[in-house]
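This report goes through selected features of one structure, part by part. Please keep the sequence and the 3D view at hand while reading.

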Amino acid sequence: MWIVRLALARPYTFIVLALVVLLLTPVALTRTPTDIFPEINIPVIALVWTYNGLQAQEMERRITTNVERGITTLVNDVEHIESQSLTGIAIIKVFFQPNANVQTALAQTAAISQTFLRSLPPGTTPPLVIIYSASTVPVLQIGLTSDRLSEQQLFDYGNNFIRTQLATVQGASMPFPYGGKQRVISVDINPAALQANGLSPVDIVNAVSAQNLILPTGTAKLGSLEYNVELNGSPGTVAELNDLPVKTVNGSTVYLRDVAHVRDGFVPQTNVVMANGQRGVLMSVYKTGNASTLSIVDRVKRTLKDYQPSRPEGLHITTFFDQSLFVRAAIQGVLREALIAACLTAAMILLFLGNWRSTLIIAISIPLSILVSILCLSALGETINIMTLGGLALAVGILVDDATVEIENINRNLAMGKDTVQAILDGAQQIAVPAFVSTLCICIVFIPMFLLSGVARHLFVPLAEAVTFAMLASYGWSRTLVPTLAKYLLSAKDEYHPEEHVGERMSLFHGSSPSLSWGSACCRLAPPSSSDETSSRPSTPARSGCTSGPARACASRRPPGWPTRSTRPFDARSPRRTSSPSSTTSACPTPASTSPTATRAPWGLPTRRSSSS
C-alpha cells in the first residue's frame, strides 16, 4: 500500500522510470547476442595429436592411452574422456563439469601435453588444442569454385588468404577448408635411376635438407656503408631444386634431376567437394563464445565483399548455408505471434471494459513489462533466441492480469462515487494480496526448470527467466505506473452518471440493471422532489404511487405461494434491509402523497426515509 501512496505522491518519478526503461531497451538489444537457441555451455577441449605414417593401433597404444591416463590424473573437473585413433592422427576430447573453469582447464591440459612429449615416440609434435562447446556450430558455409584455377590453387587461396582475413571477425572460427588438394612441393624419385647411380632415398633427403637452408647472415660494414649479406642457401623457385647436387662419384656429379623430379604437387586427396558438378573447396565459419549469429554472418559477408576486388580472376565465392536466415525467420515468427497476441488481448480488454482510457493504461503496462524482462535477461548474459522470445510471447496473455484487475477495481470504486485518489487507494489495497499471490503462483510453476541439468537446463532456464521477470515487472507496474496513469486518465465523472441510472438498482455485473420489483409494472415517474433535504442530492425523479386497481393486478400476477414483497427501505451503506416494525407489505410502493419523502443514492438505491415536517 505504501508504494501506491508513493506513486500518487510522486507520479513523475515512475513516469520517468518508465521512459528510462523504454530508452535503455534498444541499447541493450543492440548489445545482446541473437541466436536461434540459447548458449549450451558444456565445456569441451579437444587434443589433436599427429604422427604421420603411424598406424592406428600404434597411435592408440603409444599416444592416446598415455595422454588419457595423464589427463585424468593431473587435470581438474574432468567429467569423461572420448578418444578416436586413426592412421597418423589421434583425437582426444576432454569433457568437463558444467561449473568448471574453462581457462584453468585449458592451461592445465596444454601444460600436461608439453610434458608428455618426452615419453612419446621421437618426432611427435605438440598437439593442437581446440576449445568448443555444443553451441560451436557452423553459421555460414562458403564455397570456392573456378573454371581456371586448379584444386591446389583453390585450397591455397582459401587457406592462406580468405581464411586469414575472416579470422579477424569477432566470434568467428575458421577451420581448415574441406575438399581441394593441399599444396606441397613433391619430389618424385625414379627408382631405376637411383639404383643405377648407387644412391638411396636417404641420400635424396639429406641432399635436399642440407641445401635448402635459411641461415641468418647479418651485415657487412665497408667504409661508411653497411650492406646486408645474403647467402645462396635456399633455391628461389621450384625449378632450381632440380639443380641441387646429390653426390659426386669419380669427378662426375649426380644432380637431383637425374634421379628424381621436383614439382608443385599435392598430398593424397582424402575428401572431395562438388558444387554443381564441379570440384571446389568448402569453408565453414563457426560461432564461438557469446557472439551473435547475425553479427557474425553480417561481418563475414562484409569482409568477403571487401576482398572481392583483390581476388584472382575466375574465382567464384558462394555462400551455401546461412544460419542467419533461420534465426531471422524464427525471431520474426515469434515476434509476429507475440504482436498478434498483444493486439487480441487489447481488443478483448476494450470489449469487456468498454473504456479506451482503461485499455490504454493496460496496453502501456504490457510492453513495459516485456522490456524490463529483456533488460534483466541482457544483464544476466542471456541471448535473444526462440526460447526467450517464446517465454515473452507466452507471458503476453498473463501480463494483463495484474493491470486489468487493478483497473477494474479502481473503476468499481469510482462508480461508487468515491474521489479519484481515494478510489485508487481503496482499489489497490483490496486486490494487493490476491494479485501478489497469483503472480507468485505463476512464477513458482517455472522453478523446477532451474533444477534441470545438462542440455535441458540450458534450453529451458532462459524461458523460465523471461516469464518470471515479466510477471514480476507486471506486478510492479500495477502498483506504481498503473495508479499513476489512473490518477490522470480516470475520474468519477466518467464512471458514474446519475441521470442514466434512474429506476435502476445495482447488478451483479459492472453497471446496473432495471428493477425487477412486482410493482414496477404499475409505477410511473414523478417530478423530482423539491424538499430541502433532497435539494443537495442528485436530482432524480421519484416513483409515484399506484392505484388500487393496478396494484391488485400486480398482486394477482404473483405466482401462487410467492411471498409478498416488503417495501421496507434499503440502507445505501449496506446491502441488507433495514428493519422497521411499522412497515407494511404491499404489491406496489407507497404513494408519494402519503409516504415520507424518499431520496435515491447512487445506482438507484433508496436511502433512509425522512418524515416531512
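Predicted model: local features only at pLDDT ≥ 70, side-chain atom pairs only at ≥ 80, totals over all residues.

A search of the whole structure finds three aromatic pairs. In the pair of Y157 and F161, the ring centres are 5.4 Å apart and the planes stand at 35°, so the pair is tilted. Stacked pairs would need planes under 30 degrees apart, and edge-to-face pairs planes over 60.

Both Y157 and F161 belong to helix α5, which covers residues 151-166. They are four residues apart there, about one turn of the helix. F161 is also partly exposed, with a relative accessible area of 38%.

## Charges over rings

R163 lies over the face of F176, at 4.6 Å from the centre of the ring. The ring of F266 has the charged end of K181 over it, 4.3 Å from the ring centre.

Strands of a sheet pair through backbone hydrogen bonds, in either a parallel or an antiparallel way. The model has an open sheet of four strands in the order β2-β3-β1-β4, and the pairing is antiparallel. Strands β2 (78-86) and β4 (128-132) are at the edges with a single partner strand each, so one side of each has no neighbour in the sheet. From one strand to the next, the twist averages 15°.

Inside this order, strand β1 (residues 44-50) and strand β3 (residues 89-96) run antiparallel and are joined by seven bridges. Across this pairing, W49 stands opposite A90 in β3.

## Helices on the sheet

Which strands does helix α3 touch? Helix α3, made of residues 56-74, packs on the sheet and touches β1, β2 and β3. The direction of helix α3 makes about 165° with that of β2.

Helix α4 (residues 102-116) lies across β1, β3 and β4. Helix α4 runs at about 20° to β1.

## A hairpin

Strand β9 (residues 219-222) and strand β10 (residues 225-228) run antiparallel, with four bridges joining them. Together, β9 and β10 form a hairpin with two residues between them. In the turn, G223 has a positive phi of about 70°. A220 stands opposite Y227, which lies in β10.

## A buried threonine

Is T25 buried or exposed? T25 has a relative accessible area of 2%, which is under the 20% limit, so this residue is buried. T25 lies in helix α2, residues 11-31. Leaving aside residues up to four places away in sequence, T25 touches L371, I374 and L375.

D77 is a residue other than glycine, yet its phi is positive, near 60°. D77 is found in the loop between α3 and β2. With a relative accessible area of 42%, D77 is partly exposed.

N276 is not a glycine either, and its phi is positive at about 55°. N276 is in the loop between β14 (273-275) and β15 (278-287). Its relative accessible area is 82%, over the 50% limit, so N276 is exposed.

Definitions and conventions. Residues numbered from 1 in each chain as written. Heavy atoms only, no water. Phe/Tyr/Trp six-rings, centres within 6.5 Å; stacked < 30°, edge-to-face > 60°. Buried < 20%, exposed > 50% of the residue type's maximum accessible area, 1.4 Å probe, protein only. Lys NZ or Arg CZ within 6 Å of the ring centre and 35° of its normal. Pairing = 2+ DSSP bridges. Axes fitted to C-alpha atoms, helices over the stretch in contact; angles between N-to-C directions. Contact = heavy atoms within 4.5 Å.
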